[in-house]
Amino acid sequence: MEYILIMDRLEKIRECIDKIYQDPVSVRQNKYISNDYNHIYGVSFNCVLFALKRGLDPELAAVAGMLHDVYRLRTGVDNFHSVSGAEMSRIILRNPDIFTDAEKQIILTAVFHHSDKANVHDEYSELLKDADLFTSFMKTGASKLHITHLPRIKKMAAELGIDLDFDRIEINNKTAEKKSIDKRSLLADIAEKLAAMPITGSRDDSVYMNLIRYWPEESAFDELKNGWCAAFVYHCCQTAGFIFPIKWTPGKLRFACVAAWNAWAREKKFFIKDGPGIIPQRGDIILYKNIIPLDNKKADQRNEPVDHIGIVLGSSEDEFTVAEGNVNNQNVSGILTRQLHYNIEGFIRIDNEMEYDGQKCADIRF
């Protein structure tokens, strides 16, 4: 009886993954969806293998394996898919509520950390990392490997009693080149082009649907309607090379929310408080306060003074030009000229060399 109940829980997660795989939205967004789907099942099976070998819970390990690449499966986005995947999985595990809080913590922590193969975390995170790497290695016929993964593979081979001939394995030691580009200038260019289209918050607008693809739940379209100014900024940042997961850790809010940008920028010292003599630069992100008419605000926005966001295109001593998504919460993008020091909280000036480091948090509480 206990075994049947366990399989019921695992099957519910498998059903969720199967549904995402079959969803036309996922198919449209992820051109490698079949590869990702097959990889997910392979990792989940190998999670059970390593759990049995290490004396860990095979069901929790299997569930973590099923969820580890769920964000990439749904969106096709690879950057920080482990961190964004943990946030997406948090919603999946909330309904149906069939796991305890302690079990959710184990699963989500493993998903969160699984891409960080260079560092060591808890035992379930390490199990998922090993199963993920082992599955990819087996897919090559145990013939190709990046040099950074060699220590893990050697350790797993010894654990499983596999005698690998490392002389016949093709070792890749190349590292990605970092290109020096002016991301802030590129950010403004991208925002200017998109805002001028203009974009309309409609299912018929393919540009808009591409813009909100980062937010993986089926409810995202309805939730963002007349409230996608921050999602517009997020998309422009992603495209320009300022890469973030969908949720700032340890913050509690997603970057689809203006308040998340405000909190993150202050924490990282990118925030510049508006005041006399402050002139924004092209590529700055502007935070407005109390600029949206109360009647245009959603219920959850009415007590939040910082209520709108855009990307600066240029400025003079008394006015500036800005690209905005969802101008005045009216569901359309645009380029506007606004008055300086009027309804402005401040500006976010992201360092051109910024690299998001929220995934390095050791103790994640979901």
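## Helix α7

The expected span of a helix is 1.5 Å times one less than its number of residues. Helix α7 (residues 101–113) has 13 residues. From its first C-alpha to its last, α7 reaches 18 Å, close to the 18 Å expected at 1.5 Å a residue. Helices here are DSSP runs of H or I with at least four residues, strands are runs of E with at least two, and both are numbered from the N terminus.

α7 is mostly covered: 10 of its 13 residues are buried. Buried means under 20% relative accessible area, exposed means over 50%, and partly exposed lies in between (1.4 Å probe, protein chains only). The buried residues of α7 are E103, K104, Q105, I107, L108, T109, A110, V111, F112 and H113.

## Basis of the values

This is a predicted model, in which local features need pLDDT of at least 70 and side-chain atom pairs count only at pLDDT 80 or more, while totals for chains, interfaces and linings use all residues. Residues are numbered from 1 along each chain as its sequence is written, and side-chain values use heavy atoms, with hydrogens and water left out.

## The α4–α7 crossing

Helix α4 (residues 58–67) meets α7 with axes that come within 9 Å and cross at roughly 45°. That makes α4 oblique to α7. Axes are lines fitted to C-alpha atoms, for helices over the stretch in contact, and angles run from 0 to 180 degrees between N-to-C directions. Angles under 35 degrees count as roughly parallel, over 145 as roughly antiparallel, 65 to 115 as roughly perpendicular, and the rest as oblique.

α4 supplies L60, V63, A64 and L67 to the contact; α7 supplies E103, I106, I107, A110 and V111. Contact means heavy atoms within 4.5 Å. The crossing of α4 and α7 is right-handed; that is, the near helix is turned clockwise from the far one by less than a right angle.

## Helix α9 and its two faces

Helix α9 (residues 150–160) buries L150, R152, I153, M156 and A157. Seen down the axis of α9, these residues fall within an arc of 160°, so they line one face of the helix. The arc is that of the directions from the helix axis to the C-beta atoms. An α-helix has 3.6 residues a turn, so residues three or four places apart point the same way.

The face turned away from the buried side carries the exposed residues P151, K155 and A158. Just after α9, G161 takes a positive phi of about 70°.

## L150

L150 is found in helix α9. L150 is buried, with a relative accessible area of 18%. Not counting residues up to four places away in sequence, L150 touches L145, F166 and I171. L150 and F166 are 16 residues apart in sequence and 9.4 Å apart in space, C-alpha to C-alpha.

## Backbone features in loops

A cis peptide bond joins M197 and P198, with omega about -10°. P198 sits in the loop between α10 (183–195) and α11 (206–211).

N331 has a positive phi, near 70°, in a residue other than glycine. N331 lies in the loop between β6 (319–324) and β7 (334–339). At 11% relative accessibility, N331 counts as buried. H341 also has a positive phi, near 65°, and is a residue other than glycine. H341 lies in the loop between β7 and β8 (344–348). At 37% relative accessibility, H341 counts as partly exposed.
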